[in-house]
Amino acid sequence: MPHPYVLLSAAVSLDGYLDDTGPDRLLLSSPADFDRVDEVRASVDAILIGAGTIRADNPRLLVNSAERRAARVAAGKPEYPLKVTVSGSGDLDPQARFWHTGGDKVVYTTDKGAERAEAHGLAADVVSLGADLDWHRLLADLTARGVDRLMVEGGGRIHTQLLQLGLADELQLVLAPLFVGTPEAPRLFGPGGYQGGRLRLVETRRIEDVVLMRYEPTAPGTGPRATPADHHWLRLACELATLCPPSRTAFSVGAVVVAADGTELARGYSREGDDPVVHAEEAALAKIDAHDPRLASATVYSSLEPCARRASRPAPCARLILDAGVRRVVTAWREPDTFVTAADGNGLLVAHGVDVVVLPEYEERAKAPNEHLLS
Ligand SMILES: NC(=O)c1ccc[n+]([C@@H]2O[C@H](COP(=O)([O-])OP(=O)(O)OC[C@H]3O[C@@H](n4cnc5c(N)ncnc54)[C@H](OP(=O)(O)O)[C@@H]3O)[C@@H](O)[C@H]2O)c1
């Protein structure tokens with residue numbers, strides 16, 4: 001199911017709170033940062049907040065800059081991004097500002113919540129996602145509405161779920177120089193199962209007295225479902241393929257092996273170093289201790305389907321992956337008949353219980369360093 005790019009946006013106090021317990025919204029960002037948030041809002045197709053944030057803050061959730069709204073219209077977009085909220089109960093105040101400002105609105109809810117939301121006569125499209133709120137269905141529905149980029153502005157329950165479900169592409173976190181100090185105040189992230197390892201820091205920016213940090217999750221998906229991190233690692237494999245010494249008799253391929261917690265274990269590319277026939281997956285796996293316990297839950301990313309047969313060495317890469325104990329492979333491009341007819345490395349892996357995920361949107365990148373072999 002295609003999903004929009006999901007950008008989580010939040011500001012926190014130095015002690016990690018989203019708000020205090022007072023009746024008014026706690027302003028954590030600086031004026032220049034509020035303007036940055038306005039710019040991000042203007043760049044997305046939809047903005048989502050939870051029902052808790054509507055109740056606590058009664059926000060308008062608008063693009064405030066007239067120039068940015070005009071630029072959206074000039075680009076053929078609606079003046080305001082779609083406003084989206086999530087409510088299990090459907091118990092939403094029809095007088096809240098959310099419904100009476102900006103453009104179109106959608107409420108995602110449950111079967112029970114839909115009855116209640118309809119009874120409130122909300123000025124919005126009410127969509128039931130079944131007995132429970134299914135985030136995958138929600139994101140697929142937004143995609144069907146033409147939403148390519150979704151900004152999520154909290155609160156904590158929403159951010160927690162999207163991160164724990166591996167559905168967030170990016171976290172934009174602003175750290176504000178103040179303390180809340182009240183344990184009952186809402187926190188950005190609640191307890192539960194997060195990815196084990198470290199996220200990738202992609203940017204830091206000082207904005208007046210606050211600091212913006214942008215992070216990307218790094219943990220591979222599990223089974224056939226691809227996470228945003230899977231896309232990152234496969235893009236990296238495709239970039240590695242461009243480092244290969246040129247050849248007229250073999251493909252240029254890149255590979256990365258990543259542990260379940262998002263730690264990169266090794267990377268490699270075809271003909272790397274002094275070995276003129278080494279394959280990318282082979283080069284990467286050779287750098288990892290064969291007894292490394294992380295291999296059993298690791299993912300191999302390869303720009304080209306792992307080979308099932310090869311002339312240069314007895315063991316093809318699909319066999320090397322199986323022998324290493326890896327049980328998940330993500331690849332961009334099925335092997336053409338250029339050198340081996342009907343090679344089916346993916347089929348071999350699947351036959352031995354490996355989850356193989358093909359992301360064809362990266363096929364052109366994987367092919368790029370091999371164009372001279374394909375024409
Ligand atoms: N500093 C910041 O950047 C920032 C940004 C946003 C919000 N905030 C603060 O965060 C606080 C609100 O956060 P919050 O965590 O209490 O609320 P929230 O995340 O905004 O919304 C939670 C609500 O969303 C609905 N919901 C979420 N997941 C659901 C699921 N899986 N199934 C069914 N319903 C689901 C439920 O609505 P129902 O109750 O209707 O079932 C739930 O009560 C406020 O104090 C606000 O000021 C701060």
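Domain bounds here come from an automatic or database domain assignment. On that basis, the protein chain divides into domain 1 (5-216) and domain 2 (228-374), and their C-alpha centres lie 38 Å apart. Seven residues of domain 1 and six residues of domain 2 make the contact, where two residues are in contact if their C-beta atoms, placed from the backbone, lie within 7 Å.

Please note that this is a predicted model, in which local features need pLDDT of at least 70, side-chain atom pairs count only at pLDDT 80 or more, and totals for chains, interfaces and linings use all residues. Residues are numbered from 1 along each chain as its sequence is written.

I turn to the ligand. Which residues come nearest to the ligand? Of the 27 residues around it, these are Gly50, Gly52, Gly88, Gly154 and Gly155; a residue counts as near if its C-beta atom, placed from the backbone, lies within 6 Å. Helix H2 (51-57) is among the elements that give two or more residues to this shell, and H2 provides the largest share, five residues. Helices (H or I, at least four residues) and strands (E, at least two) are DSSP runs, numbered from the N terminus.

Gly154 and Gly155 are joined by a cis peptide bond, with omega about 0°. Gly155 is located in the loop between strand E6 (149-152) and H7.

Finally, the backbone at Arg271: its phi is near 60°, a positive value in a residue other than glycine. Arg271 belongs to the loop between strand E11 (264-269) and helix H9 (280-285).
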